[in-house]
Structure formats: C-alpha cells, structure tokens
Amino acid sequence: MNKQSPITTSPLHVSVKHDSAIKQVAGRADYIDDLVEPEGTLHAYLGLSSKAHADIASMNLDAVRAATGVVGVLTAEDIPAENDVSSVHKHDEPVFATTRVVTWGQPLFAVIGETREAARRAAKLAKIEYRELPHVTDVDAAVAAGGKLVTEPLKLERGDVEAGFAASQHRAKGRVRIGGQEHFYLESQAALAIPGEDDEITLQVSSQHPTEIQVMVAQVLGIPHAAVTVNMRRMGGGFGGKETQGNLFAVVAAVAAKMFNKAVKIRPDRDDDFQITGKRHDFVVDYDVGYNSDGKIQAVTATYAARSGYSADLSGPVTDRALFHCDNAYWYPTVKVNSLPLFTNTVSNTAFRGFGGPQGIIAAERWIEDIAYALGKDPLEIRKANFYGTDTDNVTPYHQVVEDNVIHRVIEDLEQSSDYQARRQAILAFNKTSKVLKKGIAMVPVKFGISFTATWHNQAGALVHVYRDGSIHLSHGGTEMGQGLHIKVMQVVADAFGVPVERVQITASNTGKVPNTSATAASSGTDLNAMAALDAANQIKARMIAHAAFIYEVEPKDVQWEFGGVRAGQQFVPFDELATSCWMNRVQLSAAGFYKTPKIHWDRSTGRGHPFYYFAYGAAASEVTIDTLTGEYQVDRSDVLEDVGRSLNPAIDIGQVEGGFIQGMGWLTTEELWWDGKGQLRTHAPSTYKIPLASDVPRIFNVRLAEWSINKEPAIGRSKAVGEPPLVLGYSVVEALSMAVASVADYKVAPQLDMPATPERVLMGVERMRRARQG
Ligand code: MTE
Ligand code: MOS
C-alpha cells in the first residue's frame with residue numbers, strides 16, 4: 001500500500017490560517033501600488049470641483065498642461081464613447097462633469113504625468129469659474145427643498161395599520177438620526193491599465209466587482225466586453241466602498257492608457273478619496289409605533305429618509321435593504337414602511353457593510369427602547385415579547401415566512417454566558433451610589449437576511465484545473481478583501497479532492513477566467529463561489545473516478561474517494577499519481593463550475609416574495625461607563641454570540657465578528673462626517689474623522705460562534721454568511737450608553753441618543769436628563 005501524506009484529515013471546518021496572513025504581516029502581499037510597473041508607466045490625478053452645485057462658466061487648463069512632467073490632460077471631450085460610469089446605468093454619473101457640477105469634489109479632468117507627484121501638483125493649477133446654484137447637503141435640507149429622489153422608493157405593507165393603531169393602548173412616536181460612515185479601507189482606490197493590441201486592454205484593480213469594471217471600461221471606450229480583461233488579486237479592504245466606487249478610477253486609467261498607449265496608474269490621496277467616493281447612507285427615520293402595556297407591538301409605520309448624494313448608485317437597493325430590516329427579529333402584526341432615497345449635493349452614497357440593513361435594524365431598536373423606557377422595563381424584556389414566533393407570528397413585512405428562527409436560543413445562550421441579569425442588577429446598584437460615573441448595559445439581537453435582493457446576482461462561477469503533478473489551480477468569481485473568502489473556497493476544494501489546503505493555488509480573480517460575475521457583496525461570497533468551485537471539483541472528480549475504475553477494472557461505485565487518493569478495489573492510488581494517469585490517458589482535468597441560489601424570488605412592485613435564502617442571527621451584550629461631567633466613555637465589556645451555521649473556518653469567522661463589531665461600534669460612536677455650509681466635506685482625514693483604535697476595543701471582549709447552529713441544505717458545508725451581520729451588534733454599545741445616560745433621570749425618560757453617539761452627544765443627553773429630572 002502506498003504511503004499517504006502526513007496530513008490525513010480534511011481542512012474543512014478547521015481554523016486554517018488566511019492564505020495571505022504571513023505575506024500581509026510581513027508586507028509582502030501585493031496591492032496595486034506594489035505591482036511592478038511596465039516600462040514608461042504614466043500616472044493620472046484627478047482635478048476636482050470646489051463647489052457643491054454650480055454651472056461651470058469656464059475651465060482654463062493651460063497652466064495644468066504647461067506644468068513640468070505633464071504629458072496631457074483628459075476632459076469629457078477625450079472620452080471615446082460614453083461619458084458615464086453610473087453603476088445602475090441611469091446615466092447620472094459622468095466620468096467628468098461638462099457644464100455643471102452637482103457635488104464638491106466632482107471630477108472635472110485628469111492630469112496625466114510622468115510621475116504621480118507631477119500630475120498631482122498640476123491638477124491644482126486649473127482656473128475654473130463657476131456660477132453657483134443653491135445646494136442641499138443633508139436630509140432635512142433635501143426634504144425642505146421638495147424631496148427630489150435619486151431612484152424609485154419602496155413601500156412594504158402587511159395587515160391593516162389603522163386597525164393596529166386602534167387596538168394599541170400606547171404610541172411611541174419619534175425621529176432617529178443615524179449617521180453615515182467612511183469606509184476607510186487601508187488601500188485607497190487604485191487602478192493600473194495596460195493597453196494591448198487593437199481594442200484590447202488589461203486592468204489591475206482594487207475592486208469588489210471586476211465584471212462591473214470591465215463593463216464600465218468597455219462602455220466608456222466603446223469596445224466589446226470581451227476586449228477588456230480585469231485582474232484582481234486582493235484589496236486592502238473594501239467594505240462595500242469598492243463595489244461601484246472604483247469605476248471612475250479604472251476608466252480614467254483606461255482612457256489615458258489607450259490615448260497615450262502606455263500603462264497608466266491612478267491612486268488618489270486619502271483626502272481626495274474621502275472627497276470623491278460615496279459613503280454609508282445616513283438616515284433620518286420618522287416612526288409611529290402602537291403597542292400595549294405588555295410591551296407587544298401592534299402597528300408600525302415609518303419613513304426611512306436617506307442622504308443618497310448626487311446620483312442613484314446603489315441607493316435603491318440600499319434603502320430597500322433598510323426596509324427589509326425594519327423588523328430586525330420582531331413580528332409586527334401590522335406594518336407600513338416606505339423609503340425616501342433623497343438627492344443631495346454630496347458624494348454619491350453607496351454600499352457599506354450591511355448595505356442599509358443596519359440602519360433599518362437600529363431604527364427598530366430605537367422604538368423598542370422607547371417602549372421599554374415608557375413602560376419602565378429592561379429593553380431586553382420588550383425584545384423577547386416581540387420576537388418572531390412559530391405560528392402566524394412569523395411573517396415579515398415583505399411576506400416571507402421566517403422558518404429558521406434561532407433568536408430565542410441565541411439570546412438565552414448569551415444571557416447565560418455573559419451573566420447579563422446579575423450584571424444588570426449590579427449596574428443598577430452602582431448607578432444609585434456613583435455620582436459622576438454611570439454605567440449601562442444592553443443586549444441587542446440581530447437577524448440579517450442573506451442573499452442579494454436582486455435575484456439575478458445570486459449566481460457564481462469557478463474554474464478549477466488539476467495539473468498532472470496533482471497541484472490544483474483555483475479561480476472563482478469572488479474577490480478577496482481581507483474577509484477570508486479565498487481560504488474558505490480553498491478549503492472546500494481541498495476537502496473535495498481530499499488534499500491538504502496547500503495543494504490548492506488560489507489565483508487572482510480574472511474576468512477572462514470566470515465571466516459575468518456578481519460583486520463580492522451581501523456577505524454571500526462564500527455561499528456562492530464555494531458552491532461553484534465545488535461543482536467544478538465534482539465534475540473533475542467524476543472523470544477521475546471513471547478513469548480509476550477503468551484502469552483498475554472495477555465498477556465506478558467501488559472506487560472510494562479518500563483523503564490523499566482513491567481506493568479502487570484493493571488498490572490505493574495517491575491523488576497526484578491518479579492525476580498523472582488521467583493526463584496520460586487523455587482525461588480532461590479542468591472544469592468550470594456554476595451555482596445559483598435556489599428558492600428565492602422577489603417582486604418589488606408588490607413588495608412580496610422570498611428574497612432571502614436564510615437568515616443569520618447574532619446578539620451582543622455591552623457594558624459601558626460614562627463620565628457625566630464630560631460625556632467621555634469607555635466600553636468595559638462586550639460579549640458577542642454569532643450564528644454562522646457550521647463554521648467553515650472558526651478563526652476567520654471570529655475575526656469577521658470581531659472586526660464587524662468594532663467597525664459598527666466606530667460608526668455609531670465616534671465616526672462623524674461633517675459638511676460645512678458650502679457643501680464641502682471637512683472631515684476627510686484621520687485627523688478629523690475618528691475610526692476606532694486598538695485602545696477602543698472593549699476591555700473585555702468575548703466573541704463566540706453558536707456551535708450548536710447548522711444551516712440547511714444546500715449551503716456550503718452547512719455554514720452561514722458572516723461578513724456583514726456582526727457589524728450591527730456594535731449598536732449594543734450605543735444602547736448601553738443610553739442606559740447610562742437615562743440613569744441620570746432614574747430611567748424614566750427615553751434617552752433617544754442619535755448616532756454617532758459621540759462624547760458630545762452623550763453629554764447633551766445627560767443635560768437633557770438633568771433638565772427632565774428637574775421637571
Ligand atoms: N472584512 C474585511 N477584512 N475587509 C472587508 O473589506 N468587507 C465586508 C465583509 N468583511 C470586508 C470584510 C463586506 S461589506 C462584505 S459584503 C463581506 O465581507 C464580503 O465578503 P463575503 O461575501 O466573502 O463575506
Ligand atoms: Mo458589502 S456592503 O455587501 O460590499
């Protein structure tokens with residue numbers, strides 16, 4: 001019998017380290033700016049508008065052209081075909097503005113220089129005259145100016161809300177403001193375009209959506225999709241900010257590359273990236289909720305107004321997803337909600353981890369809190385009273401039945417492990433005697449719908465080759481942004497072939513290898529691409545099994561696939577020997593795989609369907625201490641429990657939960673975007689925009705996966721998506737802050753903290769409570 005390799009078990013469901021971990025720590029992982037530049041590479045830099053809304057009276061670029069090191073300037077006139085990079089094809093996002101600018105920082109031209117520095121300096125030399133027009137930068141101003149929308153709003157409705165209100169003993173009415181968020185990916189937007197023969201062009205990009213880059217470059221150059229090849233090895237973070245926002249940079253590099261027949265690279269400074277690219281939508285949610293003295297909600301109506309910016313981009317699907325999460329984990333007997341994706345003269349807001357879902361969930365948690373304070377109860381009690389059940393109380397506002405509800409178990413499990421009840425009692429006692437410092441604790445659930453709501457995006461492809469030495473080449477339609485997608489797909493392929501994960505070589509995502517891909521988004525990268533890769537692996541395996549049966553003269557059913565090779569009757573043949581034998585006997589060792597999510601559908605016009613294949617659940621309990629004299633606070637402890645089904649890689653998943661939680665906490669507590677009266681974003685660098693530091697991590701941070709959970713079939717390895725849902729759990733910190741604030745008025749007044757709950761807002765909340773207390 002042949003000797004097997006020393007690793008004898010499958011790498012699936014094991015904490016295998018990230019395929020790039022060592023390279024990233026050692027600084028050896030390549031990002032766009034690290035790639036070896038082709039001889040004579042030129043550099044592009046964008047010239048931006050310095051008005052939020054204005055007609056362009058004149059644009060004099062003579063000084064730009066004359067500057068040292070400048071090779072040329074691109075304006076809208078130099079675009080060969082369409083001057084448009086709007087991702088949803090609404091023709092509302094020109095590459096370069098022509099007669100009018102609609103946001104501060106809108107690109108007007110690009111300088112092409114011999115060096116990046118030359119291009120960057122020259123871009124500042126343009127002389128542009130504007131005739132200013134009135135601008136609106138936020139939701140309130142947009143509504144006051146008539147409420148122009150960037151795309152069709154959505155309405156969801158179930159049951160008779162008027163009857164629901166009539167049957168309610170109490171009402172909670174209010175408005176919650178939830179701020180936006182800058183992605184702050186460590187690698188800024190970047191692209192390198194390399195011209196080829198005839199129409200051909202190849203790009204290296206930092207994008208979650210290589211196919212969209214391909215489509216945009218083809219559209220702007222007026223060439224077939226097939227002439228454009230987009231290569232994407234890894235991003236230094238995307239977080240949704242590289243789903244569509246890379247389009248502009250890639251097409252500018254592409255147009256310049258074709259124009260000068262040289263490779264062209266583009267990489268904006270951090271401040272410019274901040275000013276040019278869209279962010280998370282901030283929301284203002286107006287709500288009216290009917291409930292009874294037992295805390296049970298009877299009716300919900302709410303309007304979700306969002307700052308969409310100057311173009312549609314993904315604002316339609318983002319505001320839709322807010323509505324899809326207006327219920328979080330709660331059953332509303334009657335409900336009527338609508339979205340308002342408002343036009344504003346600001347950057348065009350876009351996808352950001354959770355894609356509007358978190359804003360929807362947080363609004364729900366706000367009215368839960370209002371109800372709790374009105375009834376003098378722990379918000380957790382109100383939550384439990386309203387959780388989806390198993391009877392008629394399991395239908396969502398979009399008429400999908402919740403079939404996989406595990407929120408009760410998640411909450412029960414976390415309540416135990418975090419010792420929530422005893423700690424809450426201790427905190428109530430502490431607040432009675434502590435004069436300046438006050439504490440708060442809160443436990444928040446999350447239910448998050450998994451699938452793209454645009455059903456056609458729920459498809460994926462993969463390409464797998466087995467070489468004759470038994471090494472495996474893997475390419476799939478997803479992109480790596482740090483989330484660990486590649487290692488998970490590698491694990492699935494290694495498990496399928498029964499080989500160590502090191503045998504699988506992951507390669508850059510490439511539109512020439514796997515075509516017509518969806519964005520790596522909606523947390524479904526692994527769900528989709530690992531299934532497609534498994535399909536490809538299974539095709540090759542079937543041929544290898546047939547071949548083994550033939551040469552060892554057994555029935556195919558008597559060929560057993562084992563770790564390390566196959567057993568054909570009495571013979572064991574190692575995987576690499578079988579691969580060689582297949583090649584010698586002309587058996588194809590390559591396959592393209594495909595997957596589409598089953599059982600999902602959605603009709604936007606009726607607001608009904610089954611848009612989500614399943615739900616991911618989670619909960620967090622956070623404890624904070626605030627200083628009631630300054631508003632400063634610290635997070636003392638957070639306990640998180642996340643349902644990822646049967647984890648494909650627990651270490652990666654824990655990392656996603658930790659990172660998501662901290663990113664959500666940062667969004668809701670310290671990250672504040674601020675536009676001045678002229679419509680300029682003034683928080684455009686880490687000096688003014690405060691993302692969480694290592695020192696902001698909760699002093700005690702216990703993160704666990706719900707080991708008892710398992711997803712249904714088909715789902716890759718019975719796992720669940722993990723990328724976005726944990727972000728929302730950062731809200732537990734805000735609600736803990738609310739409790740600490742509310743203690744000042746003996747918990748009799750709902751604190752209604754808006755977000756981000758900065759120390760300033762906490763202090764204002766404390767002052768509000770002091771006034772309330774004095775009557
Ligand atoms: N994790 C890291 N480290 N970097 C990222 O950019 N993006 C998040 C999440 N986790 C992101 C991340 C977002 S917005 C999504 S949609 C998912 O990862 C996408 O990857 P997945 O579908 O493979 O989970
Ligand atoms: Mo994530 S916001 O779906 O890229």
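Modeller: In the chain, 81% of the contacts (heavy atoms within 4.5 Å) between residues at least 6 apart in sequence join residues at least 24 apart. This is a predicted model, in which local features need pLDDT of at least 70 and side-chain atom pairs count only at pLDDT 80 or more, while totals for chains, interfaces and linings use all residues. Residues are numbered from 1 along each chain as its sequence is written, and side-chain values use heavy atoms, with hydrogens and water left out.

The chain holds 19 helices and 29 strands, which are DSSP runs (helices H or I, at least four residues; strands E, at least two) numbered from the N terminus. Because a compact globule of 775 residues would have a radius of gyration near 28 Å, the 27 Å of the chain agrees with that expectation; the radius is taken over C-alpha atoms, and the globule rule is 2.2 Å times the number of residues to the power 0.38. Along the principal axes, the C-alpha atoms fill a box of roughly 90 × 75 × 50 Å. Of the 775 residues, 62% count as buried, that is, under 20% relative accessible area with a 1.4 Å probe, protein chains only.

The helix selected is α12, residues 407-417, in which I407, V410, I411, D413, L414 and E415 are buried. The cover over these buried residues includes the helices α11 (379-386) and α13 (420-433). The strands β16 (437-450), β27 (614-627), β28 (633-642) and β29 (700-705) are also among the elements that cover them. Just after α12, D419 adopts a positive phi of about 60°.

How values were computed
Chains lettered and ligands numbered in written order. Buried < 20%, exposed > 50% of the residue type's maximum accessible area, 1.4 Å probe, protein only.
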